[in-house]
Amino acid sequence: RITRMEKQGIIGGYRLFIDPQRLSRESYKILFSLEDQALNDIDAITNFGLSHDTIVYIAQYFGNYFVDFEIEVNNKEELQTIIIELRNKYPLRDIRIIPILSDIELNHYPFTKLNS
């Protein structure tokens with residue numbers, strides 16, 4: 001049944017979920033806003049996130065916090081090093097660091113049975 005759904009394009013892919021706590025890693029969400037002159041550097045800030053293997057998710061928003069990094073580190077010292085590097089490179093207006101205590105798995109397709 002799964003092979004048929006893959007061929008029909010119903011299943012477009014799969015996503016790997018690794019529990020960072022099982023690897024003794026800590027997860028954080030870093031939300032930050034930028035000074036107005038830094039808005040032109042959004043590509044550089046995105047590249048900053050892509051250059052760190054500890055940053056696993058990057059999003060951009062409209063509102064109080066413009067950029068969101070989700071980060072998985074070995075300890076708080078490693079987190080602090082990245083925050084200091086980020087502050088030294090870019091003019092941040094505000095920053096919030098939120099610990100992620102657990103990830104919630106969402107089922108977007110709550111079907112109980114597929115018709116043949």
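Contact here means heavy atoms within 4.5 Å. This is a predicted model, in which local features need pLDDT of at least 70 and side-chain atom pairs count only at pLDDT 80 or more, while totals for chains, interfaces and linings use all residues. Residues are numbered from 1 along each chain as its sequence is written, and side-chain values use heavy atoms, with hydrogens and water left out.

**View 1. Val-67 and its contacts.** Setting aside neighbours within four places in sequence, Val-67 is in contact with Ile-30, Leu-31, Phe-32, Leu-34, Ile-42, Ile-45 and Ala-59.

**View 2. The largest nonpolar core.** A nonpolar core is a set of buried Ala, Val, Leu, Ile, Met, Phe, Trp, Tyr and Cys residues joined through side-chain atoms within 4.5 Å; buried means under 20% relative accessible area, exposed over 50%, and partly exposed in between (1.4 Å probe, protein chains only). The largest one has 20 residues, of which Ile-30, Phe-32, Leu-34, Val-67, Phe-69 and Ile-71 touch the most other members. At least two residues of this core come from each of E1, H2, E3, H3 and strand E4 (92–100). Helices (H or I, at least four residues) and strands (E, at least two) are DSSP runs, numbered from the N terminus.

View 3. Take a look along H2 (residues 42–51): Ile-42, Ile-45, Thr-46, Phe-48 and Gly-49 are buried. They lie on the same side of H2 because they cover an arc of only 150 degrees around the axis, taken from the directions from the helix axis to the C-beta atoms. On the other side of H2, Asp-43, Leu-50 and Ser-51 are exposed. Cover for the buried residues of H2 includes strands E1 (26–34), E2 (55–60) and E3 (67–73) and helix H3 (76–89).

**View 4. Aromatic rings around Phe-69.** The structure holds three aromatic pairs; rings of Phe, Tyr and Trp (its six-membered ring) pair if their centres lie within 6.5 Å, and planes under 30 degrees apart count as stacked, over 60 as edge-to-face and the rest as tilted. Phe-32 and Phe-69 make an edge-to-face pair, 5.3 Å centre to centre with 75 degrees between the planes. Phe-32 lies in strand E1 and Phe-69 in strand E3, so this pair ties together parts that are 37 residues apart in sequence. Phe-48 and Phe-69 are stacked, at 6.3 Å centre to centre and 15 degrees between the planes. Both Phe-48 and Phe-69 are buried. One aromatic cluster is formed by Phe-32, Phe-48, Phe-69 and Tyr-90.
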